[in-house]
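Let's take a look at this protein model together.

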Amino acid sequence: MSLSATQSQRTNSAYSSSTRGLTPDPVRSGTNPNAILSQYAPTGASAKTAKQDNLTPGVRASQKMAQTDLPQLRKYKAGIEAAAQKHGLPPALLAAIMSRETRGGTQLDKTGRGDRGNGFGLMQVDLRYHKAKGGPTSAEHIDQAAGILKGYVNDMKKAHPDWSEAQQLRGAVAAYNFGPGNVQTQQRMDVGTTGDDYSNDVWARAQALAPHFGGAVSTGNTQPRPSNTATPTRPAHTADTFEDAGAKKWTTAPALEQVQAGGHNLREGMQGPAVKQIQQMLGIPADGKYGPATKKAVAEFQRAQGLKPGTAEGQVGPTTLQALQTPGGTRETGTPGNTNTRGVVLGNGVRINTNDPSLKKLATSRLSNGETGYCVRTTLDNMSRLGIPNTPAATGNDRNNPRGGMAQMLRKGWESIPFPGSRQETIRSPYGNATANVVSADQYRKLVDQGMVPDGAIIFQTRHGWDYSGGSKGNDMGIVRNGGRTTHNYKDMNSIIYSDCKEVTILVPKGAIQRD
């Protein structure tokens with residue numbers, strides 16, 4: 001795995017090498033350390049950034065990505081809040097940078113690096129300009145990154161004394177991505193940052209994360225943007241969508257068997273194992289609490305599947321549960337993408353038997369998570385634990401070890417799905433050559449939307465091309481879940497792991513592919 005959230009190109013700050021001797025006067029006001037975040041209404045993630053999670057650009061995309069990263073970010077809460085207090089920064093802003101830079105550490109390689117080896121740790125301290133302090137997930141690292149950001153705040157105060165504190169802080173956030181010398185105007189502050197949205201995306205994530213790191217922000221004192229900006233003003237978000245128990249009284253949720261039998265719906269305000277299973281099926285953070293975010297995800301799934309629950313929208317009853325448990329969802333019989341007793345029908349004379357024992361086991365069994373970055377080892381361990389035939393024992397002879405796994409599987413017991421529009425390509429590996437049906441990443445996304453991707457299939461993705469032998473970074477192996485909406489890599493992740501993924505191939509046991 002490698003960093004894909006940002007590719008920072010920072011120049012050194014006159015203040016950022018060390019904050020010793022600087023006055024840590026807070027860039028916030030009042031008793032809430034995040035109060036300053038309410039003084040700007042961000043535009044949120046650009047289309048390029050939102051594409052990482054297949055989202056529509058805007059503030060909502062930033063919020064959803066922050067929500068996805070929240071379970072990881074919480075692991076570092078103590079370090080975040082300590083560094084924020086020391087340097088006089090909003091703790092939610094540090095958490096948001098961590099979310100943007102490494103998705104809470106999930107996109108670091110095993111050495112703790114990203115950004116082609118230039119960035120180090122959770123907050124991607126640029127090794128071209130700074131000597132790393134501490135381990136990649138340590139409190140010392142977080143403190144160093146916070147000190148760098150505070151140095152940029154001082155740069156902004158010196159370069160733009162007429163800007164407000166909030167404007168100077170936003171300039172510092174942009175500088176964290178591409179250097180203080182590139183921050184010239186408020187209107188074009190993000191032009192040239194990664195995705196052309198860095199400070200706006202980070203600010204929106206920070207507003208969403210604020211309740212979990214220091215305190216929610218108020219929308220009452222949100223200042224409009226200068227009138228000469230082309231982007232319309234929108235209110236700041238109060239981050240009320242996360243599943244936090246707080247003072248809420250949760251009721252015990254019925255079991256899925258009770259839901260399936262009828263008469264018992266899963267709904268907002270419930271908690272328990274069944275809720276967690278539903279969240280896992282939806283591919284959202286699974287904390288077992290049915291809050292507003294879960295309700296919204298269920299409602300979106302119902303609309304996408306053409307279900308009409310009426311007053312029960314956002315609740316899980318027998319029909320919605322059946323759709324969630326059916327690979328590819330439910331569609332009219334006989335149409336491409338239909339999952340029924342005949343399996344997944346591809347519309348080209350091919351169907352996938354979703355009742356194949358190996359496919360069904362991989363689709364329905366609990367999958368174990370592995371060590372960060374070890375997608376191949378985790379996938380093979382899950383396959384071996386479930387007793388899946390023809391599981392490769394090792395892939396280390398191929399420097400591109402996901403390809404090594406694919407070559408072995410194609411040569412023994414597995415076949416790539418010939419999706420409509422796929423092309424055949426020779427896969428060359430030290431384990432021997434094999435032929436695979438390949439689709440582009442965009443084609444794969446469309447196949448997922450059409451319900452043509454069976455759960456339990458083994459997915460291989462590449463951002464370099466299948467002939468790449470420079471290592472495993474940028475290539476992935478995992479298990480398809482939720483009709484392709486998620487991939488179990490070393491843990492549950494997005495459908496497409498890398499935003500710049502080029503090609504995908506999907507393998508199933510040979511007996512699962514049936515031709516008319």
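R205 counts as buried because its relative accessibility is 0%, and the cut-off for buried is anything under 20%. Keep in mind that this is a predicted model. D201 also sits at 0% relative accessibility, so D201 counts as buried too. What do the side chains of R205 and D201 do? They meet in a salt bridge, with 2.9 Å from N to O. Both residues belong to helix α7 (residues 198–209), where they are four residues apart, or about one turn of the helix.

Here is that pair next to two others:

| Salt bridge | N to O distance |
|---|---|
| R205 and D201 | 2.9 Å |
| E268 and K295 | 3.9 Å |
| R403 and D398 | 2.9 Å |

E268 is partly exposed, with a relative accessible area of 35%, and K295 is partly exposed at 36%. R403 and D398, on the other hand, are both buried. Some salt bridges share partners, and these join D53, D69, R100, R103, D197, D201 and R205 into one network. How many salt bridges are there in total? The count comes to 16.

Now for helix α12 (residues 357–364). Its buried residues are S358, L359, L362 and A363. Why are they on the same side of α12? They cover an arc of only 130 degrees around the axis, which puts them there. P357 and T364, on the other side of α12, are exposed. And what do the buried residues pack against? Their partners include α13 (375–385), β12 (458–462) and β16 (503–509).

N353 is found in the loop between β8 and α12. A polar atom of the N353 side chain lies 3.0 Å from the backbone nitrogen of N355. Leaving out residues up to four places away in sequence, N353 touches L359, A512 and Q514.

Last stop: an open sheet of three strands, in the order β1-β2-β3, with antiparallel pairing. β1 (113–114) and β3 (125–126) are the edge strands, each pairing on one side only. Two bridges join β2 (residues 119–120) to β3, and G119 stands opposite D126 in β3.

Conventions
Residues numbered from 1 in each chain as written. Predicted model: local features only at pLDDT ≥ 70, side-chain atom pairs only at ≥ 80, totals over all residues. Heavy atoms only, no water. Buried < 20%, exposed > 50% of the residue type's maximum accessible area, 1.4 Å probe, protein only. Arc of directions from axis to C-beta. Contact = heavy atoms within 4.5 Å. Polar contact = N/O pair within 3.5 Å; in protein donor to acceptor, adjacent residues only side chain to side chain. Pairing = 2+ DSSP bridges. Salt bridge = Lys/Arg side-chain N within 4 Å of Asp/Glu carboxyl O.
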